[in-house]
Structures are given as C-alpha cells and as structure tokens.
Amino acid sequence: MATENPNLSVPEERLSAAEDVQNISESVARQAQESAAAEAESAGAVDFADEDAALDARNAGLDLGEESAEEELACERSAGEELNGKSKEELLSIFARMLAERPVQTLRRDVEALKIAFYKLRRAEVEAARRAASDEERTAADADAAADAAELRFKDLFREYRRLRDEFAAAQEAVKEENLRAKLAVVEELKELTASDERLDHTFEKFRELQRRWKELGAVPQQHVKDLWENYNLQVENFYNFVKINKELRDLDLKKNYERKAALCEAAEALQQEGAVVEAFRKLQKLHDQWRETGPVANEYKEVLWERFKEASSRINRRHQEYFEGIKREQLHNLELKSGLCARVEELLERLPASRRDWNKASESLFEIQKEWKTIGFAPKKDNNAIYERFRNGCDRFFEAKRAFYAGVKDEMEENLRRKIELCEAAEALRGSEEWKKTTDELIALQTQWKQTGAVSRRHSDQVWKRFRAACDAFFERKAAHFAEVDDQYGENLRRKEALLEEMAGTDVQAGGFEAVKEFQRRWSEIGFVPIKRKEALQKRYKEIVDKMFETLRGAQRDRSMGRFREKVSTLKASGDRRLRTERDRLANRVRQLEQEIALLENNVGFFARSKNADAMVAEVRGKIDRGREELRATIEKVRLIDRENRE
C-alpha cells in the first residue's frame, strides 16, 4: 500500500473538525435548554392554582362554613357567571353587582367561585413579582403584596356578603319562631274546638279554617318539628273522634285523606327508582311534609298506610345513608392515598440530588406525584386542607432546595464563561497559522476542551459560541483554500476508482474466489482520496459490489454444502429411518438454539445503541446476527430436505 502524504488528509480532518464544531453547537444548545427547563420546572409542572387559591382564601379569613338548607335549595337555581379571563377589577365589579341585585341566599356557590378566581390572580401576581425581584427587592415586594388594594376591597365585599347572609339567617330563624308560636296557637284552638257547644256546621267551618291556617304557615325550628306535628295530628284526630258531625261528611273527608295518602305512598315508592340518590331524598322530605299536612284516615287504614309509607321511606333513607357512607369511605381512602403521596415527597427531600441530571430526574418524579394527586378526589372536609398544606409544603421545600442548587450553578456558569473566553482567545491566536496539521490538531483539542466545559448562561452562550466558531472557521477556510490545488489529484483518483469499479462489476468472481476479492480490495485502498462530494456515493457503490461478490461466493459454498448434505441424507435413509430422525432432531434443536441466540443478540444491539461510543461493539454484534441468520436459513433448508425425503 502506498504511503499517504499527511498533508493530503487535511481536508478530511477539516470535515471531522467541522462535524465536531456542529456537535459542540448542539451540545451548547442542549445545555442551554436544560438550564431553561430547570428554571421552568422550578415553578412546578402541575397546576394546583385552584387548591392554592382556596388555601390562600381560607388563610385570609374568607371561609363560608357550612351551607344552610335555604342556600342549598336556592343555589340550585343559580346559574353563576363565567369567570375565566376576568381581571381582579372585573371580579370585584361582579361581586358588588351580585350583592346589590340578587337574594343573598342564592349567592353562596357564586361567591365560592369568585373567591377562587380572585385568589388565583392574586397568587399569580405575587409569584411573578417575587420572581422578577432581586433578593434585596423581595422584602419591598412582600410589603406591596400585603397592601394590595384590590384584596382589601374583596375582603370588604366578603364581609358585606357575610353580614347579609347572617341577617338572612337570623331573619329566617325569627320567622320560624313566629311560625312556631302561630302553629301552637292553632293547636290550642283545635283543643278548644272539641269542647265547643256551637252548631255542627259552624264548628266544622272553623275546623277547616284552622287547617288552612296551619298549611299556610311556614317552617318552624327543626328541634320542634316532631313534637309539634304529633300534637297537631292528635288534635285533628280528637276533633274527628269527639265532635258529633255528619257521618257522611266525615266519611267523605276520611276518603279524600285516604286517597291523598295512598298517592303519597305511590310517590314514595316511585322514588326508589330515582337515579339521583340525593334528589330522591330531598323529594321524600317534601312528601313527608305533605303527609303531615294531610288529615286522618279511617282507623282500619291508618296503620296499613303508614307502614307502607314508612317502608318506602326507609328504603330511600337507607340508599341515602349508604350513598354518604360510600362517599365517606372514598374520602378516607383518598386521605390514605394522599398521605402516601406526601410521604413520597418527603422521601425525595431526605435525599436531595447533587447534579443537574439528578435534579431533573427528581423533578420528573415529583411531577408524576403531583399528577397522581390531581387524579385523587377530596379527603374528609376536616382533613382536606391539612393534607393539602402538608403536600404543598413538601413541594415548596423541594423547589426551594432546587432554586438554591441552581443559584450555585450560576457561579459555576460564570467560571465556565471565563474558561470559554480563554478558549476563544486561544483559537483567535491560531487563525493565521500556516502549520496546517499542527494547528488543526490544536484547534480540535480546543474544541474538545470547549465540549468538556460546562454550560454558560443563556445571555452569553450564543455570543461566546459565535466568537469561538468564527475563529475556527477562519482557519479552516484558509486551510481549504490552501489545499484546493490538490483537487486535480483527487479527480484522477476518482477516475481510477470508477474504472476499478467497472472492472470489479464485470469479473467472474467464482473463477478467482476469495483471493480475487482481496486483490480488488488491495488495489482500491492504494488509490488516494477523491473529492469529498463524491466520496460517500463512491464508497457506497464499492461496498455494494464487494458485498455482492462475497454473497456470490457464499452462495456457491452453500450449494456445495447442500449437495454434500443431500448425499449424507441418502446414506442415512438407506441405513434406516431412525438415524434420519436423529439427524432431523439435531438440526431442529439447532434451529431453536440459533433463534434464541439471534433474539438475544438483537436485544443486546438495542441496549448498546443507547450507550455512547458503542459503534464498534454494535457493528460486531450485527455481524454475529447476520452470520447466525445465514446459518439459520441453511439449517432450516436442511430440515425441509429431510422432511421431503421422509414423504417420498
């Protein structure tokens, strides 16, 4: 083989250096992206804005407490307003308009939504101000946050809502107390009616008037409901039992009451098919109110009707109780799951990472935990805020530690910038050199040092990289111009290689065998470099021809091998079926063994491909796979040959 002039290899070294520069560019960009990603991740990847807003509002004293029955019914009719995209000022305007225009008992759920929407905006503003401020400015930013005028206005409106709500509740209680007194008076009048000496028709008219008054009076305090209704029903029954009224009129009244109560029984039984458990329970309460407002029935139907109504009520009550017990069990399970997630966050805090890569992995783990948290429903109300505070505290501590780590990385980036500026200066000192080989090696060494130097801040990374690359490019452009004169030699080498390829393509390789192929390979390697633009296509064509030569030679070998095997099969068949079966079993076992070996090697290729600098190892394993597949095809063909012989 002819000895190469070292200078003639310089253009290819220049290509290698250019590729190296490209790799460096990608590395720098990747490092900048990682730095940017780390800053973005520090803010958290999962949206907990609603939970944080609810917690902030509670800490600000804006808790509504339990929902009253009046609010529960009234809020069902409240459509609410779309709050997404509203500013704080718009939310305040909506709040004020609600208080002025709508009944206070219809506002609860809309006020809850306003509270969450407002504190989401408030929290976002505070966090943005803190991120934008320096360490010295953050104290002032916190003071501004504490004195936010919009929040003070929101709290004033909330206090006004709470005042109106309390006044409404107090007024409702006063009305209930007045209703209680009025209903007690009706009961007393019923007592007096049974002892009256007035005419029957006049007494019965007064009885109907008292029933009408009773029905028109509203709710009474819950603790008096049962006793009051029992007393009222007793007096109504006493009236029917002791007042001497026309039997026909009395029977007609009892019949109407029977029909009403039978209809109430049917309605209660129909509620058992209601899909919405809570709605069925609410409707049942209204049926109970109507039952109590309906007068007595004949004694022979009284217990039957009541047992029927009570049985239907019991089933609905059981469904209602089981429904809420199920919710309670689910909430307890949610609390257990959330406690487990808190423990996992706290485990991350116990072994904080020491590198950016480990911080990224730990952050991914935390984000997965946060995503899992979002899929879990509420915990019991008494525990829900506490468990979220524990979770948020753990996440906040994690990101505080991460921010502290990247503050240290900032100092490291400044040192990296100083070192890269020194590399720029060294490259600039070499840009005018004419010691092509020596300077090329030195620049490649500088590029290697550049690659080994860590990332710099995004503010400087592009500028310093362009400076370094400009110095390298200036040298290689001069070098390329210097070696342009060797292009004629490259052109001659191209013509010689193309002629050799034509010769190889027309050769009967079976006549010369493997030695002929080796001779062609020797002649190819002795021809020097070709123009870089043609190198890849020429090399690809050369490889295809050589591969075809080897395939032709291997095919001839396979044919000879199969010929010998056919003779062997004939001999074995003549000796008896047993030896032929033994040979087939051996070959079948070999097929299974080869399949397992190939599968293992292919799996290893996938593993090695993820490793750095594994090209040589991957190439070796792929060669083994190709040889294994070739042997597998030949072995399968032998098995099929034996099978054909057996059939014949």
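# Burial, contacts and helix packing

Me: Buried or exposed: which is Val220?
Reply: Val220 has a relative accessible area of 9% in this predicted model. Because the cut-off for buried is under 20%, Val220 counts as buried.

Me: Where is Val220 found?
Reply: Val220 lies in the loop between α8 (200-216) and α9 (225-242).

Me: And what does Val220 touch, not counting residues up to four places away in sequence?
Reply: With those residues left out, Val220 touches Lys176, Asn179, Leu180, Lys183, Val225 and Leu228. Of these, Lys183 is 37 residues from Val220 in sequence, and the two C-alpha atoms are 8.8 Å apart in space.

Me: Let us change topic. In which helix is the place of Lys302?
Reply: Lys302 belongs to helix α12, which covers residues 299-350.

Me: What does Lys302 count as, by relative accessibility?
Reply: Lys302 has 33% relative accessibility, so this residue counts as partly exposed.

Me: What does Lys302 touch, not counting residues up to four places away?
Reply: On that count, Lys302 touches Glu237 and Val297.

Me: How many residues apart along the chain are Lys302 and Lys261?
Reply: They are 41 residues apart along the chain, while a distance of 9.7 Å separates their C-alpha atoms.

Me: What about Asn334, buried or exposed?
Reply: Asn334 is buried, at a relative accessible area of 7%. Asn334 is found in helix α12. Apart from neighbours within four places in sequence, Asn334 is in contact with Ile376, Gly377, Phe378 and Ala379.

Me: On to helix packing. At what angle do α14 and α15 pack?
Reply: Helix α14 (residues 381-430) and helix α15 (residues 436-452) pack at about 170°, and their axes are 10 Å apart. Angles over 145 degrees count as roughly antiparallel, and α14 and α15 are therefore roughly antiparallel to each other. Their crossing is left-handed.

Me: Which residues make the contact of α14 and α15?
Reply: From α14 come Lys420, Leu423, Cys424, Ala426, Ala427 and Leu430. From α15 come Thr439, Glu442, Leu443, Leu446, Gln449 and Trp450. By class, the residues of this contact of α14 with α15 are eight nonpolar, two polar and two charged.

Me: What is the angle between α15 and helix α16?
Reply: Helix α15 packs with helix α16 (residues 458-482) at an angle of about 160°, and the axes are 11 Å apart. That angle makes α15 roughly antiparallel to α16. The crossing of α15 and α16 is left-handed.

Me: Which residues make the contact of α15 and α16?
Reply: Helix α15 contributes Trp436, Thr439, Thr440, Leu443, Leu446, Gln447 and Trp450. Helix α16 contributes Val464, Trp465, Phe468, Cys472, Phe475, Phe476, Arg478, Lys479 and His482. The contact of α15 with α16 has ten nonpolar, four polar and two charged residues.

Me: A last topic: how many disulfides does a search of the whole structure find?
Reply: The search finds zero disulfides.

Me: What does Cys472 count as, by relative accessibility?
Reply: Cys472 counts as buried, at 0% relative accessibility. Cys265 is likewise at 0% relative accessibility and counts as buried.

Definitions and conventions:
Residues are numbered from 1 along each chain as its sequence is written. This is a predicted model: local features need pLDDT of at least 70, side-chain atom pairs count only at pLDDT 80 or more; totals for chains, interfaces and linings use all residues. Side-chain values use heavy atoms; hydrogens and water are left out. Axes are lines fitted to C-alpha atoms, for helices over the stretch in contact, and angles run from 0 to 180 degrees between N-to-C directions. Helices (H or I, at least four residues) and strands (E, at least two) are DSSP runs, numbered from the N terminus. Angles under 35 degrees count as roughly parallel, over 145 as roughly antiparallel, 65 to 115 as roughly perpendicular and the rest as oblique. A crossing is left-handed if the near helix is turned anticlockwise from the far one by less than a right angle, and right-handed if clockwise. Contact means heavy atoms within 4.5 Å. Ala, Val, Leu, Ile, Met, Phe, Trp, Tyr, Cys and Pro count as nonpolar, Asp, Glu, Lys and Arg as charged, and the others, Gly among them, as polar. A disulfide is a pair of cysteine sulfur atoms within 2.5 Å. Buried means under 20% relative accessible area, exposed over 50%, partly exposed in between (1.4 Å probe, protein chains only).
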